[in-house]
Amino acid sequence: MDQLRILLSRCIAFCHRKELDRDLDDELRSHIEFAIEENCRRGMSEEEARTAALCEFGGVTQIREEYRVQRSFPFVETLLRDIRYALRQLRDSPGFAVTAILTLAVGIGANVVTFSVLNGIVLRPLDVPHPENLLQIGDYESYPDYFDYQDRNQSFSGMLAYKVLSVGIGIDKSVSTSWGDAASGNYFDVLGLQPALGRFFHASDEHGLESAPYIVLGYDFWKRRFGASPHILGKVVTLNQHPFTVLGVAPHNFHGTDFFFWPDYWIPAVNAQQVTGWDDFDERRHRAFTLLGRLNPGITQQQATHDMGAIARQLAKQYSDDEGLTLTVHKPGPAGRRNDPTKQVLLVMTLLAVLVLVATCANLAGIFAARAANRSNELAICLAIGSSRWAVARQLLTEAVLVSLIGGINGTCFASLLLGTLSHWRPGDLPTHFLIAPDARVYLVAITLSITSGIAFALLPARQVWSTDVVQAIKGGYVFAGSLHRFAMRDALLLIQVAVCTLLVSSVLVAVRGMVQSLRAPLGIAPTDVTLAQVDLKVAGVPDPQSRIVQKRLLDTAAAIPGVTDAATSDYVPFLSAWVWSVYSWDTTQFSPSHVAFDALTYSVSPGYFQVAGTHLLSGRDFTPDDKPGAPTVAIVNMTFARRLFGTTRALGKRFKLFDPVKLKIIGVVEDGKYIDPGEDPQPTIFLAYAQGIGPYMVSSPITVLVRSPLPQDQIADALHHSLSQVVSTAPFSIVPWSGAIDRSMIPARTAALALGVMGLMAAMLAVTGILGMASYLVSKRMKEQGIRIALGARPFQVLHSTLKRPCLLLLAGLCLGLGASMLTDQLLTHIVSYASVRDPMILAAAMTMMTLLGLFAMAAPARRALAIDPAQLLRE
């Protein structure tokens, strides 16, 4: 209680310290004046009385300081005094202050951006109650296996399943494409959520297939499409022409259980087959569901992994379709996957951002050290008149931390603006969101980085002050211990800075070369002048038996548009989507997972597709109208497929099987191409005749009409929409240029290259300023020495050699270290950039050339200054 009263008293005194100081001065003055009057009455003169009173009273300043120590917080007052002094110093050196603050703002801003992205995508847990107990089981599993896992496990109190659906949602006679989840009945119960409006569906609502035609709306979708109307409950909407009743609305902060995909709605999985036509309940091979489970109390992730692994082995023995089935249990999202490419890219980018901050700190440490050297006389006088070395070092530390905090605040504000823009970015038509706005964790990291950076780059000047020779400093000689003839801490900082900058510049060159190479890589298609019109016939309500007829009408209509030179159809197209089938060799009789030769991308195309796509047919023939149901089933494969299955590209006339089993005869071989990403490795690919189909699958898939036309994009898009809408008027067409789809697929690579480019530019700036500061410092400190050398007959080359020898050696050593570090990080960079490597001689040569040019550019001004030394003037000084 006493301590609390003392603390409260000190707080009050701190807030009224000016009034208390004034009262103390008045009291001290009254005591002294009273003593003077007493001495005067004893017969002393006024001057003698004052002197005697002051001697008798003691040190007034000491009394005042003792009183302040007892009444308030001396540390806080000292800190405020140091901050005021540091602000005056920065105000008197605006160029230095602006340079230091901007440098720190860039370094800390880059780290805030990368950490925010890492935090938002990898580190942020799901926005559900107790997310720490939620684990993902496997990657994608079948619905029959989900039932077995749910019934047999001993580790989870609840387990849910869901898969993504794309449907045509009909609201008040208006149909649009929408994305959502088909989820198990216990989905919301396992997650522990409460609805914002109405209620959720539950397992008790399910009584078999197509028994629960209910829909729960996402909060954003409810606001966007229904104006947040509270009367939405009970309203009937259609999904692919099937009626569903709105039960409720999900809570505001819940955006599904995927990190990028924000569903518009949720429907019970028992009604998914009604919408999509896919049998999810009997096909163990149809692995489309994501499983999440909530751990029982006291069960660890490792125990759950063993439990689920044992169940998977039982299922593998019990069902041939589950042969070789294995399970891993991990945290949901990229954080839980060991080799997740997104996580690896973000970790690499974060590492590079940290290196930028290291280079920034090294740069500022050198600048602050040089500034402390220039203030050597001032600091030496402070020490000489009684200031402690700790007080002077503390003042330098306060100034550095103040600069770093201001820079950190500016960098964080800039990063917040940039992240706000990224958060509103919507790639493609999917409801994909990147929730990467800074949160408390990001701001804590920013503050920590700012303070740590300030302390880090203030250590060198503080160390210099600590070892200052006061007498030598006042005489005007070299101030600090650490001769220029020995390897000093500043040399180590510049070495680190150059090495880090070389590493970053090499990374940028790799990114740029990889991007250029990817743009030059053969795609296997010629997307220029090709326009795509996509429509889902299920969304349009076209029954399966009529799908082939409607596809034929769409193709004929597109081909008849004036200006269209070629037209074709395909279910999917490269760079937009693809389907994967398991391939078996011709002599296989067991269609189990262990007998699969490999998985291949599969496209179902019409005759003329290769002509529209610009894909070269290397051997054999194209599909014709004669390749129809009832005729021998045929396929066209690419070179990689032929090489992997038959060991040669001469596959014409050979046969293979798909899992149905469907027997196919190869009638043509086309060139390899890119199908998912421009940087991918060659993949085996099959092209099937769309008119033949395979079982029920081909006729029920979406349809894409491809047209090649020299007409302007807007004109051909309008013509396509007008003509095709007359054939299918009940579903929207998505019309895009094919080249635009390819550009969109390259957004991640271009974003990574842009981020690397920004970091490389920052590294180049830091390298220039670091070398410039070092060379300028050496020239300044050796002006008199060089003046004497010139007076004695030294030639310009000798002056430059003695002045710039050390920066040149440090540049060379840092360059070698940086290239060595680049070699070590080559494997990491390959996760970001394809087609290029640090080990490429061209990359190495370009990095060496660029860093050498940057070094020469930075040393040009100090060199001119050294050559312009006037020995007569220096000797006069």
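Is C808 buried, exposed or partly exposed, and what is its relative accessible area? I'm working from a predicted model here. I looked it up: C808 is partly exposed, at a relative accessible area of 36%.

Next entry, disulfides. I took a pair of cysteine sulfur atoms within 2.5 Å as the cut-off, and my count came to 0 disulfides. I then went through two cysteines by name. C40 is in no disulfide, and the nearest cysteine sulfur belongs to C55, 15 Å away. C808 isn't in one either; for C808 the nearest cysteine sulfur is that of C816, at 13 Å. I also noted the accessibility of C40: partly exposed, with a relative accessible area of 33%.

Next entry, helices. I picked α25, which covers residues 783–791, and α26, which covers residues 796–824. I read off a packing angle of about 155 degrees and axes 10 Å apart. Angles over 145 degrees count as roughly antiparallel, so I logged α25 as roughly antiparallel to α26. I put the crossing of α25 and α26 down as right-handed.

Then I asked myself which residues make the contact between α25 and α26. From α25 I listed Q786, R789 and I790. On the α26 side they meet Q798, V799, S802 and T803. Sorted by class, I get 2 nonpolar, 4 polar and 1 charged residues for the contact of α25 with α26.

Note on methods
Residues are numbered from 1 along each chain as its sequence is written. This is a predicted model: local features need pLDDT of at least 70, side-chain atom pairs count only at pLDDT 80 or more; totals for chains, interfaces and linings use all residues. Side-chain values use heavy atoms; hydrogens and water are left out. Axes are lines fitted to C-alpha atoms, for helices over the stretch in contact, and angles run from 0 to 180 degrees between N-to-C directions. Helices (H or I, at least four residues) and strands (E, at least two) are DSSP runs, numbered from the N terminus. Angles under 35 degrees count as roughly parallel, over 145 as roughly antiparallel, 65 to 115 as roughly perpendicular and the rest as oblique. A crossing is left-handed if the near helix is turned anticlockwise from the far one by less than a right angle, and right-handed if clockwise. Contact means heavy atoms within 4.5 Å. Ala, Val, Leu, Ile, Met, Phe, Trp, Tyr, Cys and Pro count as nonpolar, Asp, Glu, Lys and Arg as charged, and the others, Gly among them, as polar. Buried means under 20% relative accessible area, exposed over 50%, partly exposed in between (1.4 Å probe, protein chains only).
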